[in-house]
Amino acid sequence: MLGQNGGRYTDMKLALKILGGVALVVALVVGVALWRTSQFGPKTTSAAAITLPEPPAVDVAAAAEMLGSAIRIQTVTYASGDPKPGADQPWIDLGAALQARYPAIFAKMTMEKILTHAMLLTWAGSDPSLPPVILMAHQDVVPVNPGTDADWTHGPFGGVVADGYIWGRGAMDDKGSLIAILEAGDALAKSGWSPKRTVIFAFGHDEEVSGAGAQAIFATLKSRNVTPAMVLDEGYAVLDNYPLTGKPAALIGVAEKGYISLQITATTEGGHSSRPPRDSGAVRIARALVALEEKQMPADLSAPPFTQMIEAVAADLPFVTRLAFANQWLLGSVITGQVGSDASANAIVRTTTAPTMLSGSIKDNVLPQRASAVVNFRIHPNDSVASVIQHVKDVTSHIPGLTVAEYEGGIGSEPSPVSSMDSEAYRVLEAVARSTGGGQVPVAPALVIGATDARYASAVSKDAIYRFAPAIYDDADLNGFHGTNERLSVDNLGRMIKGYAQILMAMCS
C-alpha cells in the first residue's frame, strides 16, 4: 500500500513538473508574441524627411471646366487596335484641345506622336546627366454599358461640373490625371520654373484595351537608353476607408500583377444528347474548372510588398490582427486561411484564378464537339506566365483529352518588378501622399492588382516605377471606376494639380 502511494506521489510530482514546463513554454510563447507585436510597425529610416516646395497657384475652377470639356470628347476604346483609322477624330480633337488650353507647357516641351495618337512630351532639363522623371496618364476611356445612361446623375459624357464634382466617364480613369499633370506643368512653365532633370510626359491612347501606345513609347525611350529616376502612373491614392484598418491610408503601388488568359479545350465526337457518353467534353471542362478552383496557386505573405504594407499600417490595425501578422511564425497558416477567404486580400497575396468565358454546343440537344473555358489569371510577382501555364497543365493532367493554350486575342504580360521603397523617388511620393492625406495618414507600399500602362515601363526601369495619384477617394468615388456615376471632386483635382507640381519640383529642382 505504501509502495502504491509512493508511486502515486512520484507520478504527481512528474505531472506537476510537466505542467510547470508547459506553463513556462506557454508563458514564453505568449511573451515572445506580445513583444513581437509591440515591435511590429514601419521600419525607421535615417533618410532626411522631404520638405515639399510650394507650387504656383492654379485656377482649379477653370481646370475643372477643362476636365469637363475633355470628358465630352468621347475617346472610347472597345478592342485592341482602337481607334481604327477614320474613327479617330475624338483623339485628334482631344490633342488640339490640350494644346490650346496649355500653350506654356507645350511651348517648353517637344511633342512626338507615337502610333499616331500616343503623346511623348519632353521638357529638356539643364543637367542632361541626371536621369529623367516620367509622369503618365492615358487618353482613352471605357464604354458605358448600353441602356444605363439614365442611371447617371449627369450624362456619362456631359462633363458637367456640379455639386463639387466633375461628372462623366474618364473623370477618375484617367482624364483627371491627364488634365492635372498638364495643369501642373503649365503653371510651372508660366512661373518661370525650369527643371534640372528632364521631364517626360507619356500619354498613351489605348490603355483600356491593350496599351500599345505606352508600349511603343517605352520601346522608343529604351532605344534612346533612357533610364528614369521615377516613372509615375495611375494605380492607388489616399483611401478614406482602407479596408484593413477602416481608417485612411495612402497606398503607393510599387508593383503590379501580370495578366494572362488561358483557353482550356476538350475535343470529342459530339452527337445527339439522347445518347450522351460518360465524361463528355463539357464534363471534362467542368472537372478542370473545379480542379483549378480547389488547387489555387500558392499564397505568399512574405513576398514584397505585402509585409511592408502591413507594417506601414500596423498602428491602425485591430490588436488581434496586429498580433497575428507580427507572429506569422506561429499563426501563418491561420492568416493564410483568413486572407484566402476574402477576395480583395486574396488578390494581393497570390495569382488569382478566374473562369470568365464558357462555350460549347449551339443547340440544347446537341453534344459539343469542342467545349472550352477561358480562365483569366492575374499573376503575382512570385509567378510568371510560364509558371501559370505549367500550373494549369499540372492541375488538369488527370483529365484526358484537354489542351491548354493562350487565349487568342487576349493580352499577356509578366508581373512587374517590385520597385524600391528606399529611394529618393519613393520618399518624395511618400511625402506627397502624406501631405495629400492631411499630414498624419500612414503611407504604405502596395501591389496593384489591375493592369496599367506602367507595366510597359519595365523596358526602361526595374526599380523606379510607381502608381499613385495625389487624391483622396472615398467608397462612393471608387464605385465610379468603370461604373455608373464616375466622378472626380473639384477638391481632388486641386490636390492632384498641387501634388504633381510638388513631385516635379522636388525631383527636378
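The largest nonpolar core of this protein has 68 residues, and those with the most contacts inside it are Leu98, Phe201, Tyr466 and Tyr500. Helix H15 (residues 490–508) gives the most to this core, with 10 residues. Apart from it lies another core, of 24 residues, among them Leu239, Met309, Phe325 and Val349. The model is predicted: local features need pLDDT of at least 70, side-chain atom pairs count only at pLDDT 80 or more, and totals for chains, interfaces and linings use all residues. Residues are numbered from 1 along each chain as its sequence is written, and side-chain values use heavy atoms, with hydrogens and water left out.

**Cores**

- A nonpolar core is a set of buried Ala, Val, Leu, Ile, Met, Phe, Trp, Tyr and Cys residues joined through side-chain atoms within 4.5 Å.
- Buried here means under 20% relative accessible area, exposed means over 50%, and partly exposed lies in between (1.4 Å probe, protein chains only).
- Leaving aside residues up to four places away in sequence, Leu98 touches Met66, Phe106, Met119, Leu178, Ile179 and Leu182; a contact means heavy atoms within 4.5 Å.
- In soluble globular proteins, nonpolar side chains tend to be buried together.

**Overall form**

- The secondary structure comes to 15 helices and 19 strands, taken as DSSP runs numbered from the N terminus (helices H or I, at least four residues; strands E, at least two).
- The C-alpha trace spans about 105 × 70 × 45 Å along its principal axes.
- Of the 509 residues, 50% count as buried.
- Among contacts with a separation of 6 or more, 82% join residues 24 or more positions apart.
- The protein exposes about 23,100 Å², of which carbon and sulfur atoms supply 55%; accessible areas come from the Shrake-Rupley method with a 1.4 Å probe, and for residues only the protein chains shown count as cover.

**Helix H12**

- Val385, Val388, Ile389, His391, Val392 and Val395 are buried in helix H12 (residues 385–395).
- Seen down the axis of H12, these buried residues fall within an arc of 155°, so they line one face of the helix; the arc is that of the directions from the helix axis to the C-beta atoms.
- An α-helix has 3.6 residues a turn, so residues three or four places apart point the same way.
- The cover over the buried residues of H12 includes strand S10 (258–267), helix H7 (281–294), strand S14 (370–379) and strand S15 (402–406).

**Aromatic rings**

- Rings of Phe, Tyr and Trp (its six-membered ring) pair if their centres lie within 6.5 Å; planes under 30 degrees apart count as stacked, over 60 as edge-to-face and the rest as tilted.
- By this rule the count comes to six aromatic pairs.
- Tyr473 and Phe481 form an edge-to-face pair, at 6.1 Å centre to centre with 80° between the planes.
- Tyr473 is buried at 7% relative accessibility, whereas Phe481 is partly exposed at 31%.
- Arg487 lies over the face of Tyr165, at 3.8 Å from the ring centre; such a charge has NZ of Lys or CZ of Arg within 6 Å of the ring centre and within 35 degrees of the ring normal.

**Backbone features**

- The peptide bond from Asp82 to Pro83 is cis, with omega near 0°; Pro83 belongs to the loop between helix H2 (60–72) and helix H3 (89–101).
- Asp173 and Asp174 are joined by a cis peptide bond with omega of about 10°, and Asp174 is in the loop between strand S5 (165–167) and helix H5 (175–191).
- His482, not a glycine, has a positive phi of about 60°; this residue is in the loop between helix H14 (475–479) and strand S19 (487–489).
- Asn485 has a positive phi near 65° and is placed in the loop between H14 and S19.
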